[in-house]
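Please read the sequence and the three-dimensional model side by side before turning to the report.

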Amino acid sequence: MAESRFIHGFHAVAAKLRVDPESILEIHVAAQRGDARARDLLAKAEAAKVRIIPTDAARLDGMAGTHRHQGVVAKIDPRHKVLHLSDILEDLTENALILVLDGITDPHNLGACLRVADAAGVHAVIAPKDRAVGLNATAIKVASGAADTVPYIVVTNLARTLRELQDAGVWCIGAAGEATKTVYEIDQKGPVAWVLGAEGDGLRRLTRETCDELAKIPMHGSVESLNVSVASGICLFEARRQRGA
(Lines give C-alpha, C1' and ligand atoms only; values in the text may rest on other atoms or scores of the structure.)
Protein backbone atom coordinates (compact mmCIF):
# COMPACT_ATOMS: atom_id res chain seq x y z
CA MET A 1 0.00 0.00 0.00
CA ALA A 2 1.30 3.46 -0.88
CA GLU A 3 2.28 5.54 2.13
CA SER A 4 0.64 8.87 2.77
CA ARG A 5 2.83 11.95 2.54
CA PHE A 6 2.63 15.57 3.63
CA ILE A 7 2.62 18.91 1.88
CA HIS A 8 2.89 22.20 3.71
CA GLY A 9 2.42 25.93 3.27
CA PHE A 10 -0.66 27.90 2.28
CA HIS A 11 0.12 27.95 -1.44
CA ALA A 12 0.69 24.20 -1.77
CA VAL A 13 -2.30 23.20 0.36
CA ALA A 14 -4.66 25.68 -1.30
CA ALA A 15 -3.58 24.48 -4.74
CA LYS A 16 -4.18 20.86 -3.77
CA LEU A 17 -7.62 21.80 -2.43
CA ARG A 18 -8.40 23.46 -5.74
CA VAL A 19 -7.22 20.78 -8.18
CA ASP A 20 -7.41 17.51 -6.24
CA PRO A 21 -9.30 17.80 -2.94
CA GLU A 22 -10.14 14.08 -2.85
CA SER A 23 -6.46 13.30 -2.26
CA ILE A 24 -6.36 15.24 1.03
CA LEU A 25 -6.90 12.97 4.02
CA GLU A 26 -6.73 15.75 6.61
CA ILE A 27 -5.34 19.23 7.18
CA HIS A 28 -3.39 20.09 10.33
CA VAL A 29 -3.45 23.76 11.31
CA ALA A 30 -1.55 25.55 14.06
CA ALA A 31 -3.99 26.12 16.89
CA GLN A 32 -2.99 29.78 17.23
CA ARG A 33 -3.66 30.69 13.58
CA GLY A 34 -6.87 32.66 13.34
CA ASP A 35 -5.97 35.24 10.70
CA ALA A 36 -7.93 35.90 7.51
CA ARG A 37 -5.67 33.73 5.37
CA ALA A 38 -6.13 30.76 7.68
CA ARG A 39 -9.88 31.30 7.90
CA ASP A 40 -10.17 31.38 4.11
CA LEU A 41 -8.22 28.13 3.76
CA LEU A 42 -10.28 26.43 6.46
CA ALA A 43 -13.51 27.55 4.80
CA LYS A 44 -12.38 25.95 1.54
CA ALA A 45 -11.39 22.78 3.38
CA GLU A 46 -14.77 22.59 5.09
CA ALA A 47 -16.53 23.11 1.76
CA ALA A 48 -14.53 20.19 0.36
CA LYS A 49 -15.43 18.12 3.44
CA VAL A 50 -11.78 17.72 4.45
CA ARG A 51 -11.08 16.96 8.11
CA ILE A 52 -9.35 19.81 9.98
CA ILE A 53 -7.16 19.07 13.01
CA PRO A 54 -5.72 21.78 15.32
CA THR A 55 -2.10 20.76 15.88
CA ASP A 56 0.78 22.03 17.99
CA ALA A 57 3.91 23.49 16.40
CA ALA A 58 6.21 20.59 17.32
CA ARG A 59 4.02 18.04 15.56
CA LEU A 60 3.64 20.29 12.51
CA ASP A 61 7.44 20.56 12.35
CA GLY A 62 7.73 16.78 12.44
CA MET A 63 5.16 16.18 9.70
CA ALA A 64 6.53 18.87 7.40
CA GLY A 65 10.19 18.11 8.10
CA THR A 66 10.78 21.83 8.56
CA HIS A 67 9.58 24.69 10.74
CA ARG A 68 8.80 26.76 7.62
CA HIS A 69 5.30 25.37 7.11
CA GLN A 70 3.30 28.55 7.83
CA GLY A 71 1.22 26.65 10.35
CA VAL A 72 -0.55 24.40 7.85
CA VAL A 73 0.25 20.81 6.80
CA ALA A 74 -1.92 18.49 4.72
CA LYS A 75 -1.76 14.70 4.77
CA ILE A 76 -2.06 13.36 1.23
CA ASP A 77 -3.08 9.98 -0.12
CA PRO A 78 -0.71 9.56 -3.12
CA ARG A 79 -3.04 7.05 -4.76
CA HIS A 80 -5.42 9.87 -5.64
CA LYS A 81 -4.32 11.87 -8.65
CA VAL A 82 -5.99 14.14 -11.15
CA LEU A 83 -5.72 11.88 -14.18
CA HIS A 84 -8.20 13.30 -16.65
CA LEU A 85 -7.25 16.24 -18.82
CA SER A 86 -10.91 17.15 -19.26
CA ASP A 87 -11.18 17.84 -15.52
CA ILE A 88 -8.49 20.49 -15.83
CA LEU A 89 -9.77 22.11 -19.02
CA GLU A 90 -13.37 22.34 -17.83
CA ASP A 91 -12.43 24.25 -14.67
CA LEU A 92 -10.28 26.92 -16.35
CA THR A 93 -11.26 30.56 -16.08
CA GLU A 94 -8.53 31.73 -18.48
CA ASN A 95 -6.96 30.45 -21.69
CA ALA A 96 -5.14 27.19 -21.14
CA LEU A 97 -1.37 27.07 -20.75
CA ILE A 98 -0.16 23.46 -20.80
CA LEU A 99 3.33 21.95 -20.76
CA VAL A 100 3.77 18.61 -22.53
CA LEU A 101 7.02 16.72 -21.95
CA ASP A 102 8.09 14.04 -24.43
CA GLY A 103 10.73 11.53 -23.35
CA ILE A 104 12.15 13.25 -20.25
CA THR A 105 14.11 10.52 -18.46
CA ASP A 106 16.12 12.57 -15.94
CA PRO A 107 14.22 13.18 -12.67
CA HIS A 108 16.19 16.38 -12.04
CA ASN A 109 14.96 17.77 -15.36
CA LEU A 110 11.38 16.77 -14.59
CA GLY A 111 11.52 18.39 -11.16
CA ALA A 112 13.00 21.57 -12.63
CA CYS A 113 10.28 21.64 -15.32
CA LEU A 114 7.61 21.39 -12.63
CA ARG A 115 9.15 24.36 -10.80
CA VAL A 116 9.13 26.37 -14.01
CA ALA A 117 5.55 25.30 -14.72
CA ASP A 118 4.43 26.44 -11.28
CA ALA A 119 6.18 29.79 -11.65
CA ALA A 120 4.56 30.35 -15.05
CA GLY A 121 1.09 29.44 -13.82
CA VAL A 122 0.80 26.37 -16.04
CA HIS A 123 -2.51 24.56 -15.66
CA ALA A 124 -1.13 21.04 -16.15
CA VAL A 125 2.02 19.15 -17.09
CA ILE A 126 1.48 16.11 -19.32
CA ALA A 127 3.95 13.27 -19.86
CA PRO A 128 3.79 9.78 -21.37
CA LYS A 129 3.75 6.67 -19.20
CA ASP A 130 6.53 4.99 -21.17
CA ARG A 131 9.99 6.32 -22.00
CA ALA A 132 9.72 8.90 -19.23
CA VAL A 133 11.08 9.07 -15.70
CA GLY A 134 7.80 9.51 -13.83
CA LEU A 135 7.19 11.50 -10.68
CA ASN A 136 9.65 9.75 -8.37
CA ALA A 137 11.11 10.95 -5.06
CA THR A 138 14.02 12.76 -6.73
CA ALA A 139 11.75 14.67 -9.10
CA ILE A 140 9.43 15.62 -6.22
CA LYS A 141 12.35 16.90 -4.15
CA VAL A 142 13.82 18.94 -7.01
CA ALA A 143 10.37 20.39 -7.74
CA SER A 144 10.45 22.05 -4.30
CA GLY A 145 6.70 21.79 -3.74
CA ALA A 146 5.62 22.27 -7.35
CA ALA A 147 4.76 18.56 -7.66
CA ASP A 148 1.84 19.31 -5.34
CA THR A 149 0.71 22.54 -6.98
CA VAL A 150 0.81 21.65 -10.68
CA PRO A 151 -1.43 18.79 -11.89
CA TYR A 152 0.80 16.10 -13.40
CA ILE A 153 -1.04 13.93 -15.89
CA VAL A 154 0.43 10.66 -17.17
CA VAL A 155 -0.97 9.40 -20.48
CA THR A 156 -0.50 6.18 -22.42
CA ASN A 157 -0.57 7.77 -25.88
CA LEU A 158 0.94 11.24 -26.19
CA ALA A 159 -0.07 11.83 -29.81
CA ARG A 160 -3.69 10.97 -29.00
CA THR A 161 -3.59 13.35 -26.03
CA LEU A 162 -2.31 16.14 -28.28
CA ARG A 163 -5.26 15.52 -30.59
CA GLU A 164 -7.60 15.71 -27.59
CA LEU A 165 -6.08 19.06 -26.71
CA GLN A 166 -6.56 20.23 -30.28
CA ASP A 167 -10.20 19.09 -30.23
CA ALA A 168 -10.62 21.22 -27.10
CA GLY A 169 -9.30 24.27 -28.95
CA VAL A 170 -5.74 24.19 -27.59
CA TRP A 171 -3.00 25.10 -30.09
CA CYS A 172 -0.08 22.67 -29.74
CA ILE A 173 3.36 24.16 -30.39
CA GLY A 174 6.40 21.91 -30.59
CA ALA A 175 9.82 23.27 -29.69
CA ALA A 176 12.24 22.29 -32.45
CA GLY A 177 15.57 23.77 -33.49
CA GLU A 178 14.84 23.38 -37.21
CA ALA A 179 11.61 25.43 -37.08
CA THR A 180 11.41 28.57 -39.21
CA LYS A 181 9.54 30.70 -36.66
CA THR A 182 10.85 31.65 -33.24
CA VAL A 183 8.91 31.47 -29.97
CA TYR A 184 8.57 35.26 -30.16
CA GLU A 185 6.80 35.13 -33.53
CA ILE A 186 4.10 32.66 -32.48
CA ASP A 187 0.77 34.04 -31.23
CA GLN A 188 0.31 32.61 -27.74
CA LYS A 189 -2.59 34.70 -26.49
CA GLY A 190 -5.10 31.88 -26.97
CA PRO A 191 -5.13 28.38 -25.41
CA VAL A 192 -1.65 26.91 -25.90
CA ALA A 193 0.22 23.70 -25.13
CA TRP A 194 3.99 23.80 -25.41
CA VAL A 195 5.50 20.44 -26.34
CA LEU A 196 9.15 19.85 -25.50
CA GLY A 197 11.46 16.87 -25.78
CA ALA A 198 14.67 15.96 -24.01
CA GLU A 199 17.81 17.95 -24.71
CA GLY A 200 19.64 16.38 -27.64
CA ASP A 201 16.94 13.91 -28.71
CA GLY A 202 14.16 16.46 -29.04
CA LEU A 203 10.62 15.49 -29.98
CA ARG A 204 9.79 12.04 -31.30
CA ARG A 205 8.62 11.93 -34.91
CA LEU A 206 4.92 11.25 -34.23
CA THR A 207 4.82 13.89 -31.50
CA ARG A 208 6.40 16.42 -33.83
CA GLU A 209 4.01 15.59 -36.67
CA THR A 210 0.97 15.92 -34.42
CA CYS A 211 1.82 19.46 -33.27
CA ASP A 212 -0.02 22.32 -34.97
CA GLU A 213 3.24 24.14 -35.60
CA LEU A 214 6.88 24.22 -34.55
CA ALA A 215 8.90 27.06 -33.08
CA LYS A 216 12.52 27.51 -32.10
CA ILE A 217 14.41 29.43 -29.47
CA PRO A 218 16.94 31.61 -31.29
CA MET A 219 20.47 30.63 -30.28
CA HIS A 220 23.24 33.21 -30.55
CA GLY A 221 26.22 31.29 -29.19
CA SER A 222 28.02 28.05 -29.96
CA VAL A 223 25.71 25.61 -28.14
CA GLU A 224 22.94 24.00 -30.18
CA SER A 225 20.35 23.34 -27.47
CA LEU A 226 19.24 24.23 -23.95
CA ASN A 227 18.30 22.14 -20.97
CA VAL A 228 14.60 21.29 -21.24
CA SER A 229 13.68 23.19 -18.07
CA VAL A 230 15.42 26.34 -19.35
CA ALA A 231 13.72 25.97 -22.73
CA SER A 232 10.36 25.44 -21.00
CA GLY A 233 10.80 28.64 -19.05
CA ILE A 234 11.54 30.68 -22.17
CA CYS A 235 8.50 29.32 -24.01
CA LEU A 236 6.05 29.55 -21.12
CA PHE A 237 7.04 33.00 -19.95
CA GLU A 238 6.81 34.31 -23.51
CA ALA A 239 3.20 33.11 -23.46
CA ARG A 240 2.66 34.98 -20.19
CA ARG A 241 4.33 38.09 -21.59
CA GLN A 242 2.03 38.09 -24.62
CA ARG A 243 -0.98 37.71 -22.35
CA GLY A 244 0.09 40.67 -20.28
CA ALA A 245 0.56 38.62 -17.12
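This is a predicted model: local features need pLDDT of at least 70, side-chain atom pairs count only at pLDDT 80 or more; totals for chains, interfaces and linings use all residues.

## The nonpolar cores

The largest nonpolar core has 33 residues, and those touching the most other members are Leu99, Leu101, Leu114, Val122, Val125, Trp194 and Leu236. Strands and helices both contribute: strand 5 (97-102), strand 6 (124-128) and strand 9 (192-197) each supply at least two residues of this core, as do helix 5 (107-119), helix 6 (137-143) and helix 9 (228-242). Apart from this there is a second, separate core of 18 residues, which includes Ile88, Ile153, Val170 and Leu203.

## Trp194 and its partner Gln188

Which residues does Trp194 touch, not counting those up to four places away in sequence? They are Ile98, Leu99, Val100, Ile173, Gly174, Ala175, Val183, Gln188, Ala215, Cys235 and Leu236. Trp194 has its place in strand 9, and with a relative accessible area of 0% it is buried. Gly174, one of the residues in contact with Trp194, is 20 residues apart from Trp194 in sequence, while the two C-alpha atoms are 6.0 Å apart in space.

Gln188 belongs to the loop between strand 8 (171-175) and strand 9, and because its relative accessibility is 0%, Gln188 counts as buried. Its side chain makes a polar contact of 2.6 Å with the side chain of Trp194, and the Gln188 side chain also reaches the backbone oxygen of Val183 at 3.2 Å. Leaving aside neighbours within four places in sequence, Gln188 is in contact with Ile173, Val183, Trp194, Cys235, Glu238, Ala239, Gln242 and Arg243.

## The annotated site and the largest pocket

An unreviewed UniProt entry carries the annotation "binding site" for Gly197, Ile217 and Leu226. These residues span 30 residues in sequence, yet no two of their C-alpha atoms are more than 13.4 Å apart, so they gather at one spot. Gly197, Ile217 and Leu226 are also part of the lining of the largest pocket. That pocket has a volume of about 460 Å³ and is lined by 23 residues, of which Ala175, Ala176, Gly177, Glu224 and Ser225 lie nearest its centre. Strand 9 and helix 9 each supply at least two residues of the lining.

Are Gly197 and Leu226 buried or partly exposed? Gly197, placed in strand 9, counts as buried because its relative accessibility is 12%, under the 20% limit. Leu226, in the loop between strand 10 (213-215) and helix 9, has 28% relative accessibility and therefore counts as partly exposed. With neighbours within four places in sequence left aside, Gly197 is in contact with Asp102, Ile104, Gly202, Leu203 and Val228.

In helix 1 (residues 10-19), the buried residues are Phe10, Ala12, Val13, Ala15, Lys16 and Leu17. They pack against strand 1 (5-8), strand 2 (24-30), helix 2 (36-47) and strand 4 (72-76).

Thr55 lies in strand 3 (residues 51-55) and, at 3% relative accessibility, counts as buried. A polar atom of the Thr55 side chain lies 3.0 Å from the backbone oxygen of Ile53. With neighbours within four places in sequence set aside, Thr55 is in contact with His28, Val29, Ala30, Ala31, Leu60 and Met63.

Key:
Residues are numbered from 1 along each chain as its sequence is written. Side-chain values use heavy atoms; hydrogens and water are left out. A nonpolar core is a set of buried Ala, Val, Leu, Ile, Met, Phe, Trp, Tyr and Cys residues joined through side-chain atoms within 4.5 Å. Buried means under 20% relative accessible area, exposed over 50%, partly exposed in between (1.4 Å probe, protein chains only). Helices (H or I, at least four residues) and strands (E, at least two) are DSSP runs, numbered from the N terminus. Contact means heavy atoms within 4.5 Å. UniProt positions are given in the numbering used here, feature names are shortened, and annotations may be inferred rather than shown by experiment. On a 1 Å grid over the protein atoms alone, a cavity is a set of points where a 1.4 Å probe fits but cannot get out, and a pocket is an open set with protein on both sides within 12 Å along at least five of seven lines; lining residues have an atom within 4 Å of a point. A polar contact is a pair of N or O atoms within 3.5 Å; within protein, one must be able to donate a hydrogen and the other to accept it, and residues adjacent in sequence count only if both atoms are side-chain atoms. Grid points are joined across faces, edges and corners, and a volume is the space filled by probe spheres set on the points.
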